[in-house]
Amino acid sequence: MFPLDSPWNISFAGCGFLGIYHVGVASCLQEQAPFLVENAQHVYGASAGALTASAVVVGTCLGDVGANIIDVAKEARKRFLGPMHPSFNLVKIIRAKLHGTLTPDAYSKATGRLGISLTRVTDGENVLITHFNSNEELVQACVCSAYIPVYCGLIPPTLQGVRYVDGGISDNLPQYELKNTITVSPFSGESDICPRDVSSNNMHELRFTNTSIQFSLSNLYRVTRALFPPDPLVLKTMCKQGYKDALYFLKKNGLLQFRQPHRPLGDGAVDNEEDSDNEERHTREEEMHPNAHSGAEEHIFEHLPPRLHRALVEACKERRSLLYSLSNMFPVRMLSTILLPYTLPLESAVSLSIRLLEWLPDVQEDVGWIKEQTVNFGLIKNISVLLLFSFLKITLIHDLMSWIQSNKAGGCTVRIGLIIPLIQMLYS
């Protein structure tokens, strides 16, 4: 049983595009055990987990969060190289989506309760940000936490004058070691809420910066899809999986509040009549089998919260247009593939020009940082060389003194006038 007599926290692991799994988990917790979210002392997150954590604390509609993830995935899948295509700017998209969903007072709600895991560039140490002075700082903290070097760019973003990168590099599951922290991860392992694979009895696991990942084919697939998004329908299924796994956690710990199940989405009187029939049938089943929790669980799982379900279904729909239909025709796709060696350099040049224009306001600061890092690297290299030479000198002097002692023991005469200049040369 999960102890409720002491404060508890919720921690969402970093997972890239699999962050939609967290949306399903958070939705289940809010719908079936709202006290667990409302009374949580802190809600932590790293990388993609920080986006869901901020949505939970601030009160953003989870349907919008799930739809945003699917929209970003669809945008990446449009390109030949996916998210690695030069024209795909993940940082810009994340920043725009966050500004579009956060309320004006989001930063005040997040301060003191939301914890975002970051990795400081200078020393690689983990930093947990819990104080935000504005929405811009909150957005920037989320951007820094999700910034994977090379994958997102080469120059790390700044927050309060300090450079940070992906928080998952140093701590992918913040505060997991605390006794009452509910850990959430889309990878099958030892987290409190995670997928339960058929091969979950496998004793071999990988600990990636505090995140338990069991060695299995399912987890291998999930790892590959974290950075290269799957089909939108697969993401929708992952969201449902998160909802189901959270439901299992609540049931196992006696936290599930059985209430009137959600109605499935529908339009028109026919759907409403079917919903009423389903609810009446479910009520009769509960009266006949009051302890049949598994049946109630399945019924709840079948019907996600309406707003979330509607948003996911709408996001998965393809916007059919004449241009889309033409570009999706087999001859057009073949021609695009053949012309790729010519079109890719052109697209890269255009994307680079746009990024340079967007970079102009920060050029001076970023160039200064690059120079500073170059100087620091030179100092580190020089210190390392000096330490190496000092070690070699000490070793040579020790060997020389040993040689002198051995020669004295053998009765050989050594001219001190020749030895002293040699020692001075080594110390110079």
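# Helix pairs, salt bridges and a surface patch

Let's start with a helix pair. The axes of α4 and helix α5 (residues 90–101) come within 11 Å and cross at roughly 155°. Helices here are DSSP runs of H or I with at least four residues, strands are E runs of at least two, and numbering goes from the N terminus. The axes are lines fitted to C-alpha atoms, for helices over the stretch in contact, and angles run from 0 to 180 degrees between N-to-C directions.

A word on the source. This is a predicted model: local features need pLDDT of at least 70, side-chain atom pairs count only at pLDDT 80 or more, and totals for chains, interfaces and linings use all residues. Residues are numbered from 1 along each chain as its sequence is written, and side-chain values use heavy atoms, with hydrogens and water left out.

Back to the pair. α4 and α5 are roughly antiparallel to each other. The cut-offs: under 35 degrees counts as roughly parallel, over 145 as roughly antiparallel, 65 to 115 as roughly perpendicular, and the rest as oblique. The α4 and α5 crossing is right-handed.

Why quote both an angle and a distance? Two packed helices are described by the angle between their axes and the distance between the axes.

Next pair. Helix α9 covers residues 232–252, and helix α12 covers residues 306–316. Their axes come within 9 Å and cross at roughly 165°. That makes α9 roughly antiparallel to α12. Their crossing is right-handed.

Now helix α1, residues 20–32, against α3. How are these two oriented, roughly parallel or roughly antiparallel? Their axes cross at roughly 25° and come within 10 Å. So α1 and α3 are roughly parallel to each other. α1 also passes α3 in a right-handed crossing.

Let's move to the loops. T60 sits in the loop between α3 and α4. T60 is buried, at 10% relative accessible area. Buried means under 20%, exposed means over 50%, and partly exposed is in between, with a 1.4 Å probe and protein chains only.

S47 has a phi near 55°, a positive value in a residue other than glycine. S47 is found in the loop between β2 (42–46) and α3 (48–58). The residue is buried, with a relative accessible area of 7%. Q175 also has phi near 55°, again positive and again not glycine. Q175 lies in the loop between β6 (162–166) and β7 (181–184). Is Q175 buried or partly exposed? Partly exposed, with a relative accessible area of 21%.

On to charges. Side chains of opposite charge can pair when their charged atoms come close. How many salt bridges does the structure hold? The count is 11. A salt bridge here is a side-chain nitrogen of Lys or Arg within 4 Å of a carboxyl oxygen of Asp or Glu.

Take R77 and D231. They form a salt bridge, with the closest N and O atoms 3.9 Å apart. R77 lies in helix α4 (residues 62–77) and D231 in the loop between α8 (217–227) and α9, so the pair ties together parts that are 154 residues apart in sequence. R77 is partly exposed at 41% relative accessibility. D231 is partly exposed too, at 32%.

Now E314 and K317. Their side chains meet in a salt bridge, 3.6 Å from N to O. E314 is partly exposed at 40% relative accessibility. K317 is partly exposed at 43%.

Salt bridges that share partners also join E75, K78 and R79 into one network. Within it, E75 pairs with K78, the closest N and O atoms being 3.4 Å apart. E75 is partly exposed at 27% relative accessibility. K78 counts as exposed, at 64%.

Last stop, the surface. F330, M334, L335, I338, L339 and Y342 form a nonpolar patch, with about 670 Å² of accessible area together. Accessible areas come from the Shrake-Rupley method with a 1.4 Å probe, and for residues only the protein chains shown count as cover. Patches are made of residues with over 30% relative accessible area and no salt bridge; like charges are joined within 9 Å, and nonpolar side chains (Val, Leu, Ile, Met, Phe, Trp, Tyr) within 5 Å.

Which helix gives the largest share of the patch? Helix α14 (residues 330–338), with 4 residues. M334 lies in α14. M334 is partly exposed, with a relative accessible area of 40%.

Key: A crossing is left-handed if the near helix is turned anticlockwise from the far one by less than a right angle, and right-handed if clockwise.
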